[in-house]
Amino acid sequence: MLKTTSVYTDVLIHLLLILGNVEGWTYHWKDNETMTWNETRKWCLTEYTDIVMVHNENVTYFLKNNLKEKSSSPYYWIGLRKIKETWTWAANGQSVNYENWAPNEPNNNKADENCVELYTSTNNKGKWNDDSCKNKKHPVCHKGKKLEMKDALLVQLV
């Protein structure tokens, strides 16, 4: 039999704590250094988990409110790249389903714009632009949080 009074309340509190975490990721960036997209990915894989995935509004909101505002390039690389004409997240190989392109983007203006930067200018803050992967931008990485046993949800059976 399941104890439904305090255990039920404890379960709800534990669920809120787990879901309230910003999806278990921490974000890391460098405002004082620029890198190509490939250098950014390599650095992120070495130091953290991978180059950042901006796969929903929560991540967009966090980054646009925490990254340094810049009036012009270089902005910040994100982990979206065009592979075989499909925009794909480098970290998990999935095609993009959440999009936050700036107006008239992606435009492949220079015919080799296969990587994506995140604007932090006032007019397009948090919006995406396709650009050449060879250009240097500021790196943004994410790091996954390991779920420890102490964080696991426990239900008391009586």
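Two strands are taken as paired if DSSP finds at least two bridges between them; helices (H or I, at least four residues) and strands (E, at least two) are DSSP runs, numbered from the N terminus. The model is predicted, so that local features need pLDDT of at least 70 and side-chain atom pairs count only at pLDDT 80 or more, whereas totals for chains, interfaces and linings use all residues. Residues are numbered from 1 along each chain as its sequence is written, and side-chain values use heavy atoms, with hydrogens and water left out.

Under this criterion, strand 2 (residues 50-51) is joined to strand 7 by two bridges, and the two run antiparallel. Within this pairing, Asp 50 stands opposite His 142 of strand 7. Strand 7 (residues 140-144) is also joined to strand 1 (residues 25-29), in this case by five bridges and again in antiparallel fashion. Here Trp 29 has Val 140 of strand 7 as its bridge partner.

Strand 3 and strand 4 run antiparallel and are joined by four bridges, with Arg 81 having Thr 88 in strand 4 as its bridge partner.

The loop between strand 3 and strand 4 contains Glu 85. This residue counts as exposed because its relative accessibility is 67%; the classes are buried (under 20% relative accessible area), exposed (over 50%) and partly exposed in between, with a 1.4 Å probe and protein chains only. The C-alpha atom of Glu 85 is separated by 8.8 Å from that of Asn 114, a residue 29 positions away along the chain.

Helix 2 (residues 37-47) has Trp 37, Thr 40, Trp 43 and Cys 44 buried. These residues cover an arc of only 125° around the axis, which places them on the same side of helix 2; the arc is that of the directions from the helix axis to the C-beta atoms. Lys 42 and Thr 46, on the other side of helix 2, are exposed. The cover over the buried residues of helix 2 includes strand 2, strand 3 (76-83), strand 5 (115-118) and strand 7.

At the N-terminal end, helix 3 is capped by Asn 56, a side-chain oxygen lying 2.9 Å from the backbone nitrogen of Asn 58.

The structure holds two disulfides, a disulfide being a pair of cysteine sulfur atoms within 2.5 Å. One of them joins Cys 44 to Cys 141, with an S to S distance of 1.9 Å. Because Cys 44 lies in helix 2 and Cys 141 in strand 7, this pair ties together parts that are 97 residues apart in sequence. Its S-S torsion is about -75°, so the disulfide of Cys 44 and Cys 141 is left-handed. Both Cys 44 and Cys 141 are buried.

Cys 115 and Cys 133 form a disulfide with their sulfur atoms 1.9 Å apart. The torsion about the S-S bond of Cys 115 and Cys 133 is about 95°, so this disulfide is right-handed. The pair links distant parts of the chain, with Cys 115 in strand 5 and Cys 133 in the loop between strand 6 and strand 7, 18 residues apart. Cys 115 counts as buried at 0% relative accessibility, and Cys 133 is buried with a relative accessible area of 11%. With the bonded cysteines of the protein chain numbered in sequence order, the pairing is 1-4, 2-3.

Note on methods. Contact means heavy atoms within 4.5 Å. A polar contact is a pair of N or O atoms within 3.5 Å; within protein, one must be able to donate a hydrogen and the other to accept it, and residues adjacent in sequence count only if both atoms are side-chain atoms.
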